[in-house]
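Morning, everyone. I have one structure to walk through today. Let me put it up.

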Amino acid sequence: MSYFEKAAKIYPRRVRGTFRTVKWIVMIALLGLYYAAPWLRWDRGPHVPDQAIFIDLTGQRGYFFGIEIWPQEVYLLVGILILAAIGLFFATALLGRVWCGYACPQTVWTDLFVWVERFVQGDRNARKKLDDSRWTVEKLWKKGLTHLIWLVIGALTGGAWVFYFNDAPTLLSDMWHGDASWSVIGWIVALTLSTYFMAGFARENVCTYMCPYARFQSAMFDKDTLIISYQPERGEPRGKHKKGDNWDNRGHCIDCTACVVVCPMGIDIRDGLQMECISCGLCIDACNDVMKKLDLPGDLIRYDTENNQTHRLDISFRRRADRAATVVADPTAPSVRAKPRVRWVRPRTISYALILTVVGSVMLGAILTRQTTELNIIHNRAPQFVRLSDGDVRNAYSLKILNKSHEDRRYTLLVEGVVARDLSVLAAGDVPVTHLSVPANSVGEFRVRLTTSNGAPGRTDIRFVLTDPVTRRSARHDSYFVR
(Lines give C-alpha, C1' and ligand atoms only; values in the text may rest on other atoms or scores of the structure.)
Protein backbone atom coordinates (compact mmCIF):
# COMPACT_ATOMS: atom_id res chain seq x y z
CA MET A 1 0.00 0.00 0.00
CA SER A 2 1.39 3.40 -1.03
CA TYR A 3 0.58 6.55 0.91
CA PHE A 4 2.10 8.86 -1.68
CA GLU A 5 1.03 9.48 -5.22
CA LYS A 6 3.76 9.56 -7.82
CA ALA A 7 4.23 13.06 -9.21
CA ALA A 8 2.84 13.31 -12.71
CA LYS A 9 5.29 14.31 -15.41
CA ILE A 10 4.70 17.78 -16.80
CA TYR A 11 4.51 18.23 -20.56
CA PRO A 12 4.53 21.99 -21.26
CA ARG A 13 2.80 22.83 -24.52
CA ARG A 14 4.31 25.16 -27.09
CA VAL A 15 3.08 28.72 -26.77
CA ARG A 16 3.72 31.90 -28.71
CA GLY A 17 3.42 35.43 -27.44
CA THR A 18 5.14 38.42 -25.93
CA PHE A 19 6.53 36.74 -22.82
CA ARG A 20 7.62 33.62 -24.67
CA THR A 21 9.56 35.86 -27.06
CA VAL A 22 11.17 37.69 -24.16
CA LYS A 23 12.17 34.36 -22.63
CA TRP A 24 13.78 33.27 -25.91
CA ILE A 25 15.74 36.52 -26.15
CA VAL A 26 16.94 36.29 -22.55
CA MET A 27 17.83 32.61 -22.91
CA ILE A 28 19.86 33.15 -26.08
CA ALA A 29 21.63 36.17 -24.60
CA LEU A 30 22.54 34.41 -21.34
CA LEU A 31 23.65 31.17 -22.99
CA GLY A 32 25.67 33.11 -25.56
CA LEU A 33 27.34 35.09 -22.80
CA TYR A 34 28.07 31.98 -20.74
CA TYR A 35 29.64 30.04 -23.61
CA ALA A 36 31.50 32.98 -25.19
CA ALA A 37 32.85 34.82 -22.13
CA PRO A 38 35.93 32.56 -21.57
CA TRP A 39 37.11 33.36 -25.10
CA LEU A 40 37.13 37.13 -24.64
CA ARG A 41 40.66 38.57 -24.43
CA TRP A 42 41.96 41.47 -22.34
CA ASP A 43 45.53 42.71 -22.67
CA ARG A 44 47.06 43.16 -19.22
CA GLY A 45 50.68 43.24 -20.28
CA PRO A 46 53.41 40.58 -20.24
CA HIS A 47 53.43 37.62 -17.85
CA VAL A 48 49.75 38.13 -16.98
CA PRO A 49 46.76 36.11 -18.28
CA ASP A 50 44.98 37.83 -21.18
CA GLN A 51 41.65 36.09 -20.59
CA ALA A 52 39.02 38.74 -19.82
CA ILE A 53 37.18 36.65 -17.19
CA PHE A 54 39.50 34.22 -15.45
CA ILE A 55 39.74 32.57 -12.03
CA ASP A 56 43.43 31.72 -11.59
CA LEU A 57 43.48 29.13 -8.82
CA THR A 58 47.22 28.56 -9.19
CA GLY A 59 48.06 32.25 -8.95
CA GLN A 60 45.27 32.80 -6.39
CA ARG A 61 43.74 35.68 -8.29
CA GLY A 62 40.57 36.55 -10.12
CA TYR A 63 40.40 38.68 -13.26
CA PHE A 64 37.36 40.52 -14.59
CA PHE A 65 38.41 42.65 -17.54
CA GLY A 66 40.37 45.52 -15.95
CA ILE A 67 39.73 44.45 -12.35
CA GLU A 68 42.16 42.10 -10.61
CA ILE A 69 41.14 40.59 -7.27
CA TRP A 70 43.74 39.18 -4.88
CA PRO A 71 43.01 36.90 -1.90
CA GLN A 72 43.70 39.85 0.41
CA GLU A 73 40.79 41.69 -1.23
CA VAL A 74 38.11 39.28 -0.13
CA TYR A 75 36.00 42.28 0.82
CA LEU A 76 35.36 42.80 -2.90
CA LEU A 77 33.92 39.30 -3.16
CA VAL A 78 31.77 39.99 -0.11
CA GLY A 79 30.56 43.19 -1.76
CA ILE A 80 29.70 41.34 -4.97
CA LEU A 81 27.68 38.78 -3.02
CA ILE A 82 25.84 41.52 -1.14
CA LEU A 83 25.04 43.35 -4.37
CA ALA A 84 23.80 40.14 -5.96
CA ALA A 85 21.56 39.28 -3.00
CA ILE A 86 20.11 42.77 -2.53
CA GLY A 87 19.71 43.15 -6.29
CA LEU A 88 17.67 39.94 -6.32
CA PHE A 89 15.55 41.18 -3.41
CA PHE A 90 15.05 44.52 -5.16
CA ALA A 91 13.91 42.89 -8.41
CA THR A 92 11.60 40.55 -6.48
CA ALA A 93 10.00 43.40 -4.55
CA LEU A 94 9.25 45.16 -7.84
CA LEU A 95 8.50 42.36 -10.30
CA GLY A 96 8.02 39.18 -8.31
CA ARG A 97 10.00 36.10 -9.28
CA VAL A 98 11.27 37.40 -12.62
CA TRP A 99 14.71 35.97 -11.83
CA CYS A 100 13.20 32.50 -11.55
CA GLY A 101 11.11 32.90 -14.67
CA TYR A 102 13.72 34.33 -16.99
CA ALA A 103 17.32 34.32 -15.77
CA CYS A 104 17.83 31.46 -13.29
CA PRO A 105 20.27 28.87 -14.74
CA GLN A 106 17.83 26.08 -13.87
CA THR A 107 15.10 27.83 -15.89
CA VAL A 108 17.40 28.67 -18.81
CA TRP A 109 18.78 25.16 -19.26
CA THR A 110 15.39 23.53 -18.62
CA ASP A 111 13.89 25.72 -21.36
CA LEU A 112 16.65 24.60 -23.69
CA PHE A 113 16.17 20.92 -22.85
CA VAL A 114 12.38 21.16 -23.28
CA TRP A 115 12.93 22.79 -26.67
CA VAL A 116 15.18 19.91 -27.71
CA GLU A 117 12.59 17.42 -26.48
CA ARG A 118 9.84 19.19 -28.40
CA PHE A 119 11.99 19.46 -31.54
CA VAL A 120 12.72 15.74 -31.62
CA GLN A 121 9.54 14.22 -30.17
CA GLY A 122 6.85 16.77 -31.00
CA ASP A 123 4.57 18.97 -28.94
CA ARG A 124 2.76 18.10 -25.72
CA ASN A 125 0.31 15.46 -26.96
CA ALA A 126 2.93 13.78 -29.14
CA ARG A 127 5.36 13.50 -26.22
CA LYS A 128 2.70 12.10 -23.91
CA LYS A 129 1.64 9.59 -26.54
CA LEU A 130 5.26 8.57 -27.13
CA ASP A 131 5.88 8.03 -23.40
CA ASP A 132 2.72 5.96 -23.02
CA SER A 133 3.45 3.78 -26.04
CA ARG A 134 5.45 0.55 -26.02
CA TRP A 135 9.07 0.52 -27.05
CA THR A 136 9.43 0.60 -30.83
CA VAL A 137 12.18 1.60 -33.22
CA GLU A 138 10.63 5.07 -33.53
CA LYS A 139 10.45 5.54 -29.77
CA LEU A 140 13.97 4.22 -29.35
CA TRP A 141 15.58 6.56 -31.83
CA LYS A 142 13.59 9.61 -30.71
CA LYS A 143 14.38 9.04 -27.04
CA GLY A 144 17.98 8.17 -27.85
CA LEU A 145 18.50 11.29 -29.97
CA THR A 146 16.91 13.48 -27.30
CA HIS A 147 19.19 12.18 -24.56
CA LEU A 148 22.23 12.34 -26.83
CA ILE A 149 21.61 16.04 -27.53
CA TRP A 150 21.04 16.61 -23.81
CA LEU A 151 24.40 15.02 -23.02
CA VAL A 152 26.13 17.13 -25.68
CA ILE A 153 24.62 20.30 -24.19
CA GLY A 154 25.68 19.11 -20.73
CA ALA A 155 29.24 18.50 -21.97
CA LEU A 156 29.39 21.95 -23.55
CA THR A 157 28.11 23.43 -20.31
CA GLY A 158 30.69 21.61 -18.19
CA GLY A 159 33.45 22.39 -20.68
CA ALA A 160 32.59 26.08 -20.70
CA TRP A 161 32.67 26.17 -16.90
CA VAL A 162 36.21 24.79 -16.61
CA PHE A 163 37.35 27.30 -19.24
CA TYR A 164 36.74 30.03 -16.67
CA PHE A 165 39.43 28.44 -14.48
CA ASN A 166 41.94 27.70 -17.25
CA ASP A 167 43.25 29.51 -20.30
CA ALA A 168 40.50 28.57 -22.76
CA PRO A 169 42.55 28.15 -26.00
CA THR A 170 45.29 26.20 -24.20
CA LEU A 171 42.82 23.91 -22.43
CA LEU A 172 40.88 23.29 -25.63
CA SER A 173 44.12 22.31 -27.38
CA ASP A 174 45.02 19.98 -24.51
CA MET A 175 41.57 18.38 -24.64
CA TRP A 176 41.77 17.97 -28.41
CA HIS A 177 45.13 16.21 -28.13
CA GLY A 178 44.12 14.18 -25.08
CA ASP A 179 46.48 15.99 -22.72
CA ALA A 180 43.89 17.44 -20.34
CA SER A 181 44.41 16.61 -16.67
CA TRP A 182 42.19 14.13 -14.87
CA SER A 183 40.89 16.87 -12.57
CA VAL A 184 39.64 18.83 -15.59
CA ILE A 185 38.05 15.73 -17.08
CA GLY A 186 36.45 14.90 -13.75
CA TRP A 187 34.89 18.35 -13.45
CA ILE A 188 33.57 18.22 -17.01
CA VAL A 189 32.02 14.81 -16.43
CA ALA A 190 30.46 15.89 -13.12
CA LEU A 191 29.01 19.09 -14.58
CA THR A 192 27.80 17.24 -17.68
CA LEU A 193 25.87 14.75 -15.59
CA SER A 194 24.51 17.38 -13.19
CA THR A 195 23.23 19.51 -16.09
CA TYR A 196 21.76 16.43 -17.76
CA PHE A 197 19.96 15.39 -14.58
CA MET A 198 18.80 18.83 -13.39
CA ALA A 199 17.47 20.09 -16.71
CA GLY A 200 16.43 16.76 -18.16
CA PHE A 201 14.76 15.05 -15.22
CA ALA A 202 14.54 17.17 -12.06
CA ARG A 203 13.25 20.31 -13.77
CA GLU A 204 10.40 21.86 -11.76
CA ASN A 205 11.29 19.73 -8.73
CA VAL A 206 14.47 21.79 -8.30
CA CYS A 207 12.36 24.94 -7.99
CA THR A 208 9.77 23.34 -5.74
CA TYR A 209 11.87 21.23 -3.37
CA MET A 210 15.56 22.10 -3.73
CA CYS A 211 15.71 25.87 -4.16
CA PRO A 212 15.18 27.81 -0.92
CA TYR A 213 14.23 30.98 -2.79
CA ALA A 214 10.64 29.82 -3.34
CA ARG A 215 10.26 29.35 0.41
CA PHE A 216 11.10 32.87 1.48
CA GLN A 217 10.05 34.86 -1.58
CA SER A 218 6.88 36.01 0.19
CA ALA A 219 9.02 37.91 2.68
CA MET A 220 10.05 40.22 -0.17
CA PHE A 221 6.54 40.66 -1.59
CA ASP A 222 4.13 43.39 -0.61
CA LYS A 223 0.75 44.45 -1.93
CA ASP A 224 2.37 46.50 -4.71
CA THR A 225 4.59 43.73 -6.09
CA LEU A 226 3.80 42.70 -9.65
CA ILE A 227 2.72 39.07 -9.71
CA ILE A 228 0.96 36.80 -12.19
CA SER A 229 -2.73 37.11 -11.37
CA TYR A 230 -6.07 35.89 -12.70
CA GLN A 231 -9.02 38.30 -12.71
CA PRO A 232 -11.87 36.35 -11.11
CA GLU A 233 -14.25 39.32 -11.23
CA ARG A 234 -14.03 39.10 -15.00
CA GLY A 235 -13.45 35.40 -15.54
CA GLU A 236 -16.04 33.91 -13.16
CA PRO A 237 -18.30 32.09 -13.34
CA ARG A 238 -16.27 30.09 -15.81
CA GLY A 239 -17.68 27.52 -18.18
CA LYS A 240 -17.44 26.01 -21.64
CA HIS A 241 -18.38 28.29 -24.50
CA LYS A 242 -19.81 27.57 -27.93
CA LYS A 243 -19.63 29.88 -30.89
CA GLY A 244 -22.66 32.13 -30.97
CA ASP A 245 -23.41 31.92 -27.24
CA ASN A 246 -23.78 35.25 -25.46
CA TRP A 247 -21.80 36.25 -22.39
CA ASP A 248 -24.70 37.22 -20.16
CA ASN A 249 -24.23 36.19 -16.53
CA ARG A 250 -21.04 34.30 -17.25
CA GLY A 251 -17.32 34.97 -17.10
CA HIS A 252 -14.81 35.16 -19.88
CA CYS A 253 -12.87 32.10 -18.69
CA ILE A 254 -14.04 29.18 -20.83
CA ASP A 255 -12.16 26.63 -18.71
CA CYS A 256 -10.00 25.56 -21.65
CA THR A 257 -6.99 24.97 -19.32
CA ALA A 258 -4.67 26.55 -21.89
CA CYS A 259 -2.99 28.40 -19.03
CA VAL A 260 -2.35 25.11 -17.23
CA VAL A 261 -0.90 23.05 -20.08
CA VAL A 262 1.72 25.67 -20.98
CA CYS A 263 2.89 26.16 -17.37
CA PRO A 264 6.38 24.67 -16.84
CA MET A 265 5.48 24.16 -13.17
CA GLY A 266 2.14 22.46 -13.89
CA ILE A 267 0.03 24.77 -11.70
CA ASP A 268 -3.34 26.44 -12.31
CA ILE A 269 -2.88 30.16 -11.84
CA ARG A 270 -6.65 30.56 -11.47
CA ASP A 271 -6.27 29.10 -7.98
CA GLY A 272 -4.32 32.21 -6.97
CA LEU A 273 -0.68 32.95 -6.29
CA GLN A 274 1.24 29.78 -5.45
CA MET A 275 4.71 29.05 -4.21
CA GLU A 276 5.53 27.13 -7.39
CA CYS A 277 4.76 30.06 -9.71
CA ILE A 278 7.98 31.40 -11.27
CA SER A 279 6.34 34.43 -12.95
CA CYS A 280 7.37 33.39 -16.46
CA GLY A 281 4.21 34.81 -18.04
CA LEU A 282 3.56 31.89 -20.40
CA CYS A 283 0.04 31.49 -19.04
CA ILE A 284 -0.61 35.11 -20.06
CA ASP A 285 0.44 34.36 -23.63
CA ALA A 286 -1.75 31.26 -23.76
CA CYS A 287 -4.81 33.02 -22.32
CA ASN A 288 -4.41 36.08 -24.56
CA ASP A 289 -4.32 33.80 -27.60
CA VAL A 290 -7.65 32.25 -26.53
CA MET A 291 -9.18 35.68 -25.82
CA LYS A 292 -8.13 36.84 -29.29
CA LYS A 293 -9.89 33.90 -30.92
CA LEU A 294 -13.04 34.71 -28.93
CA ASP A 295 -12.88 38.43 -29.83
CA LEU A 296 -12.59 39.31 -26.15
CA PRO A 297 -10.20 41.74 -24.45
CA GLY A 298 -6.88 40.25 -23.44
CA ASP A 299 -5.19 40.18 -20.05
CA LEU A 300 -7.67 37.95 -18.27
CA ILE A 301 -4.41 36.72 -16.74
CA ARG A 302 -1.77 39.38 -16.38
CA TYR A 303 0.95 40.90 -14.26
CA ASP A 304 -0.83 42.84 -11.53
CA THR A 305 -0.60 43.83 -7.88
CA GLU A 306 -2.65 42.71 -4.91
CA ASN A 307 -3.83 46.28 -4.33
CA ASN A 308 -5.15 46.50 -7.89
CA GLN A 309 -6.94 43.17 -7.54
CA THR A 310 -8.60 44.27 -4.31
CA HIS A 311 -9.66 47.54 -5.91
CA ARG A 312 -11.24 45.77 -8.89
CA LEU A 313 -13.07 43.30 -6.66
CA ASP A 314 -14.49 46.18 -4.62
CA ILE A 315 -15.79 47.80 -7.77
CA SER A 316 -17.27 44.50 -8.93
CA PHE A 317 -19.06 43.95 -5.63
CA ARG A 318 -20.50 47.48 -5.69
CA ARG A 319 -21.78 46.95 -9.21
CA ARG A 320 -23.37 43.71 -8.23
CA ALA A 321 -24.98 45.31 -5.19
CA ASP A 322 -26.37 48.18 -7.26
CA ARG A 323 -27.45 45.77 -10.02
CA ALA A 324 -26.00 48.26 -12.47
CA ALA A 325 -23.96 45.58 -14.17
CA THR A 326 -22.98 41.96 -13.77
CA VAL A 327 -19.54 40.90 -12.76
CA VAL A 328 -18.27 41.12 -16.33
CA ALA A 329 -21.14 42.70 -18.20
CA ASP A 330 -19.00 45.51 -19.59
CA PRO A 331 -15.61 44.20 -20.76
CA THR A 332 -14.59 47.69 -21.82
CA ALA A 333 -15.04 49.13 -18.33
CA PRO A 334 -11.92 50.85 -16.92
CA SER A 335 -11.74 48.41 -14.00
CA VAL A 336 -11.36 45.55 -16.49
CA ARG A 337 -9.15 46.97 -19.20
CA ALA A 338 -7.07 49.56 -17.37
CA LYS A 339 -3.38 48.84 -17.15
CA PRO A 340 -2.23 47.93 -13.66
CA ARG A 341 -1.04 50.82 -11.56
CA VAL A 342 2.22 50.10 -9.79
CA ARG A 343 3.81 52.08 -6.99
CA TRP A 344 7.47 51.67 -7.90
CA VAL A 345 8.65 54.01 -5.13
CA ARG A 346 7.76 52.72 -1.70
CA PRO A 347 9.65 52.08 1.59
CA ARG A 348 10.76 48.56 0.66
CA THR A 349 12.16 49.49 -2.74
CA ILE A 350 13.75 52.67 -1.38
CA SER A 351 15.54 50.61 1.29
CA TYR A 352 16.90 48.14 -1.25
CA ALA A 353 17.96 50.95 -3.59
CA LEU A 354 19.80 52.72 -0.76
CA ILE A 355 21.66 49.55 0.23
CA LEU A 356 22.65 48.93 -3.39
CA THR A 357 23.83 52.53 -3.73
CA VAL A 358 25.87 52.49 -0.52
CA VAL A 359 27.50 49.09 -1.13
CA GLY A 360 28.13 49.89 -4.78
CA SER A 361 29.70 53.26 -3.91
CA VAL A 362 31.94 51.70 -1.26
CA MET A 363 33.11 49.04 -3.70
CA LEU A 364 33.70 51.57 -6.46
CA GLY A 365 35.70 53.73 -4.08
CA ALA A 366 37.74 50.73 -2.95
CA ILE A 367 38.53 49.79 -6.54
CA LEU A 368 39.46 53.32 -7.59
CA THR A 369 41.69 53.95 -4.55
CA ARG A 370 43.26 50.51 -4.27
CA GLN A 371 47.04 50.47 -3.96
CA THR A 372 49.36 48.36 -6.10
CA THR A 373 51.61 47.77 -3.09
CA GLU A 374 50.66 46.36 0.29
CA LEU A 375 52.94 46.10 3.31
CA ASN A 376 52.55 43.68 6.20
CA ILE A 377 54.94 43.52 9.17
CA ILE A 378 54.85 41.16 12.14
CA HIS A 379 56.98 41.73 15.24
CA ASN A 380 58.94 38.63 16.19
CA ARG A 381 58.18 37.54 19.74
CA ALA A 382 60.83 34.90 20.33
CA PRO A 383 62.57 36.82 21.75
CA GLN A 384 60.80 40.18 21.75
CA PHE A 385 64.11 42.06 21.87
CA VAL A 386 67.85 41.43 22.15
CA ARG A 387 70.21 43.61 24.18
CA LEU A 388 73.54 43.87 22.40
CA SER A 389 76.97 43.99 24.08
CA ASP A 390 77.24 47.77 23.56
CA GLY A 391 73.87 48.32 25.29
CA ASP A 392 71.82 48.89 22.15
CA VAL A 393 68.49 47.10 21.75
CA ARG A 394 67.47 45.21 18.62
CA ASN A 395 64.01 44.02 17.54
CA ALA A 396 63.35 41.68 14.63
CA TYR A 397 60.38 41.74 12.23
CA SER A 398 59.00 39.58 9.46
CA LEU A 399 58.10 41.71 6.45
CA LYS A 400 55.95 40.86 3.45
CA ILE A 401 55.50 43.08 0.42
CA LEU A 402 52.68 42.42 -2.02
CA ASN A 403 53.44 43.82 -5.46
CA LYS A 404 50.14 43.91 -7.38
CA SER A 405 51.58 45.72 -10.37
CA HIS A 406 52.63 43.97 -13.55
CA GLU A 407 56.19 45.29 -13.29
CA ASP A 408 59.13 44.40 -11.06
CA ARG A 409 59.57 46.88 -8.22
CA ARG A 410 62.44 47.99 -5.95
CA TYR A 411 61.48 49.61 -2.67
CA THR A 412 63.22 51.48 0.13
CA LEU A 413 62.27 51.09 3.80
CA LEU A 414 62.26 53.73 6.51
CA VAL A 415 61.07 53.73 10.11
CA GLU A 416 59.31 56.51 12.00
CA GLY A 417 58.82 56.85 15.76
CA VAL A 418 62.31 55.93 16.95
CA VAL A 419 65.85 56.98 16.12
CA ALA A 420 67.30 53.98 14.31
CA ARG A 421 70.98 53.24 14.91
CA ASP A 422 70.73 50.51 12.31
CA LEU A 423 67.98 49.27 9.98
CA SER A 424 69.03 46.17 8.10
CA VAL A 425 67.01 44.04 5.70
CA LEU A 426 67.79 40.39 5.06
CA ALA A 427 66.51 38.38 2.13
CA ALA A 428 66.32 34.61 1.88
CA GLY A 429 69.39 32.99 3.33
CA ASP A 430 69.98 36.02 5.61
CA VAL A 431 71.59 37.92 2.72
CA PRO A 432 71.72 41.68 3.47
CA VAL A 433 70.07 43.87 0.81
CA THR A 434 69.87 47.62 0.33
CA HIS A 435 66.74 47.60 -1.83
CA LEU A 436 63.73 45.38 -1.43
CA SER A 437 63.15 43.88 -4.87
CA VAL A 438 59.80 42.22 -5.52
CA PRO A 439 58.89 40.69 -8.90
CA ALA A 440 55.64 41.61 -10.60
CA ASN A 441 52.46 40.02 -9.29
CA SER A 442 54.16 38.34 -6.37
CA VAL A 443 54.91 38.55 -2.67
CA GLY A 444 58.39 39.37 -1.35
CA GLU A 445 59.39 38.10 2.11
CA PHE A 446 62.18 39.66 4.15
CA ARG A 447 63.54 39.87 7.70
CA VAL A 448 64.11 43.27 9.25
CA ARG A 449 66.42 44.09 12.18
CA LEU A 450 65.89 47.44 13.86
CA THR A 451 68.50 48.61 16.38
CA THR A 452 68.22 51.66 18.61
CA SER A 453 70.09 53.02 21.59
CA ASN A 454 69.13 51.87 25.05
CA GLY A 455 66.29 53.74 26.73
CA ALA A 456 63.48 53.42 29.19
CA PRO A 457 61.93 49.92 29.25
CA GLY A 458 58.58 49.61 27.59
CA ARG A 459 56.85 49.60 24.25
CA THR A 460 57.11 52.37 21.66
CA ASP A 461 54.75 52.72 18.73
CA ILE A 462 56.54 52.99 15.39
CA ARG A 463 55.63 53.07 11.71
CA PHE A 464 57.40 51.48 8.77
CA VAL A 465 57.25 53.37 5.48
CA LEU A 466 57.82 51.52 2.20
CA THR A 467 58.46 53.78 -0.80
CA ASP A 468 58.69 53.12 -4.52
CA PRO A 469 61.40 55.52 -5.79
CA VAL A 470 59.92 55.42 -9.31
CA THR A 471 56.27 56.23 -8.59
CA ARG A 472 56.96 57.96 -5.25
CA ARG A 473 54.01 56.10 -3.77
CA SER A 474 54.30 54.82 -0.21
CA ALA A 475 52.73 52.07 1.87
CA ARG A 476 52.69 52.28 5.66
CA HIS A 477 52.28 49.79 8.46
CA ASP A 478 52.14 50.45 12.19
CA SER A 479 54.08 48.27 14.61
CA TYR A 480 55.98 48.66 17.89
CA PHE A 481 59.49 48.52 19.36
CA VAL A 482 60.20 46.83 22.70
CA ARG A 483 63.06 47.65 25.07
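Let's start with a helical span. Residues 184-202 are 100% helix and 0% strand. From end to end, the C-alpha atoms of that span are 25 Å apart. Keep in mind that this is a predicted model.

Where does that span come from? It is taken from UniProt, where an unreviewed entry annotates 184-202 as "transmembrane region". The same annotation also covers residues 21-40, 74-95, 144-164 and 349-368. Take 144-164 as another case. Here the chain is 95% helix and 0% strand. The end C-alpha atoms of 144-164 lie 31 Å apart.

Now to helix H1. This helix runs over residues 18-36, so to speak 19 residues in all. First C-alpha to last, H1 reaches 27 Å. That is close to the 27 Å expected at 1.5 Å a residue.

Which residues of H1 are buried? Arg20, Lys23, Met27, Leu31 and Tyr34. Those five sit on the same side of H1, because they cover an arc of only 65 degrees around the axis. Turn to the other side of H1, and Thr18, Ile25, Ile28 and Leu33 are exposed.

What covers the buried residues of H1? The cover includes helix H3 (98-103) and helix H4 (105-121). Helix H6 (137-163) and helix H13 (282-293) are also among the covering elements.

Look at E1 in detail. It is joined to strand E2 (residues 61-64) by 4 bridges, and the two run antiparallel. Across that pairing, isoleucine 55 stands opposite glycine 62 in E2.

Last stop, strand E6, residues 373-379. Which of its residues form the covered face? Thr373, Leu375, Ile377 and His379. The uncovered face holds Glu374, Asn376 and Ile378.

And the partner of E6? Strand E8 (residues 393-403) is joined to E6 by 7 bridges, and this pair is antiparallel. Within the pair, asparagine 376 faces lysine 400 in E8, standing opposite to it. Asn376, remember, is on the uncovered face of E6.

That's my tour. Over to you.

Conventions. Residues numbered from 1 in each chain as written. Predicted model: local features only at pLDDT ≥ 70, side-chain atom pairs only at ≥ 80, totals over all residues. Heavy atoms only, no water. UniProt positions renumbered as here; feature names shortened; annotations may be inferred. Expected span 1.5 Å × (residues − 1). Buried < 20%, exposed > 50% of the residue type's maximum accessible area, 1.4 Å probe, protein only. Arc of directions from axis to C-beta. Contact = heavy atoms within 4.5 Å. Pairing = 2+ DSSP bridges.
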